[in-house]
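Q: I have this one open on my screen and would like to talk through a few spots in it. Could you take a look with me?

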Amino acid sequence: MAIEAASSLHRPIKIWTDGLSSLIAILNPKSHHSMVQEIQTLLLSHKHIHLRWLKAHVGYLGNECADQLAKEAIIKGDSFLLPKPLSYLKSKIKSAALSIWQDNWDNGETGRSTHDIVPRVSNKTIGWNREEIMLVTRHGPFPSYLQSSNT
């Protein structure tokens, strides 16, 4: 919004922000985010506009005022929706999948002896060797295992 407003002015403009991650995204020439690409296009066509970063919550009057106005707009319901970043969506999907997996693991009928040893699911490797896995899961060339398969 500020870039669009500044684009009609034909004098040097500095736009200050405390959104470092936004600035980093704008500097990324490989970004696929449509809003970032739109900002990049505007900045390339309006060389007199420069973005600058300032540290948040350290007493810069203009920045504190902007933060307060943003909070008031959210309270009033005047906010606008921004698309969620892909990383946020991936995180939410991963979290939901792990939750479903945990629920199935807790309420399943099989693997109870393993569940007693490893009650929490995870997508990280445990680092067990083959023998430890066979012992815990009771799947391997053990006499009791061989005995039960003969009957």
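Q: Is N63 buried or exposed here?
A: In this predicted model, N63 counts as buried, because its relative accessible area is 11% and the cut-off for buried is under 20%.

Q: Which helix does N63 lie in?
A: N63 belongs to helix 4, which covers residues 61-76.

Q: And what does the side chain of N63 make a polar contact with?
A: The partner is the side chain of D18, and the distance for this polar contact is 3.3 Å.

Q: Which residues does N63 touch, not counting those up to four places away in sequence?
A: With those sequence neighbours set aside, N63 touches D18, which is also its polar partner, together with L54, K55, A56 and H57.

Q: Changing topic to W128, where is that found?
A: W128 sits in the loop that runs between helix 6 (112-117) and helix 7 (130-137).

Q: How does W128 count in terms of accessibility?
A: W128 has a relative accessibility of 31%, so it counts as partly exposed, a class that lies between the buried limit of under 20% and the exposed limit of over 50%.

Q: What is W128 in contact with, leaving aside neighbours within four places in sequence?
A: Once those neighbours are left out, W128 is in contact with I117 and V118, and also with I133 and V136.

Q: Which residues make the nonpolar surface patch?
A: W128 is one of them, and the patch, about 360 Å² in area, is made by this residue with I117, I126 and I133.

Q: What happens at the start of helix 7?
A: There, a side-chain oxygen of N129 comes to within 3.1 Å of the backbone nitrogen of E131.

Q: And what follows helix 7?
A: Helix 7 is followed by R138, a residue with a positive phi, near 60 degrees.

Q: Stepping back to the protein chain, how many helices and strands are there?
A: The protein chain has eight helices and two strands, and their order along the sequence is α-β-α-α-β-α-α-α-α-α.

Q: What percentage of the residues count as buried?
A: Of the 151 residues in the protein chain, 19% count as buried, and N63, discussed above, is a buried residue.

How values were computed
Residues are numbered from 1 along each chain as its sequence is written. This is a predicted model: local features need pLDDT of at least 70, side-chain atom pairs count only at pLDDT 80 or more; totals for chains, interfaces and linings use all residues. Side-chain values use heavy atoms; hydrogens and water are left out. Helices (H or I, at least four residues) and strands (E, at least two) are DSSP runs, numbered from the N terminus. Buried means under 20% relative accessible area, exposed over 50%, partly exposed in between (1.4 Å probe, protein chains only). A polar contact is a pair of N or O atoms within 3.5 Å; within protein, one must be able to donate a hydrogen and the other to accept it, and residues adjacent in sequence count only if both atoms are side-chain atoms. Contact means heavy atoms within 4.5 Å. Patches are made of residues with over 30% relative accessible area and no salt bridge: like charges are joined within 9 Å, nonpolar side chains (Val, Leu, Ile, Met, Phe, Trp, Tyr) within 5 Å. Accessible areas come from the Shrake-Rupley method with a 1.4 Å probe; for residues, only the protein chains shown count as cover. A salt bridge is a side-chain nitrogen of Lys or Arg within 4 Å of a carboxyl oxygen of Asp or Glu.
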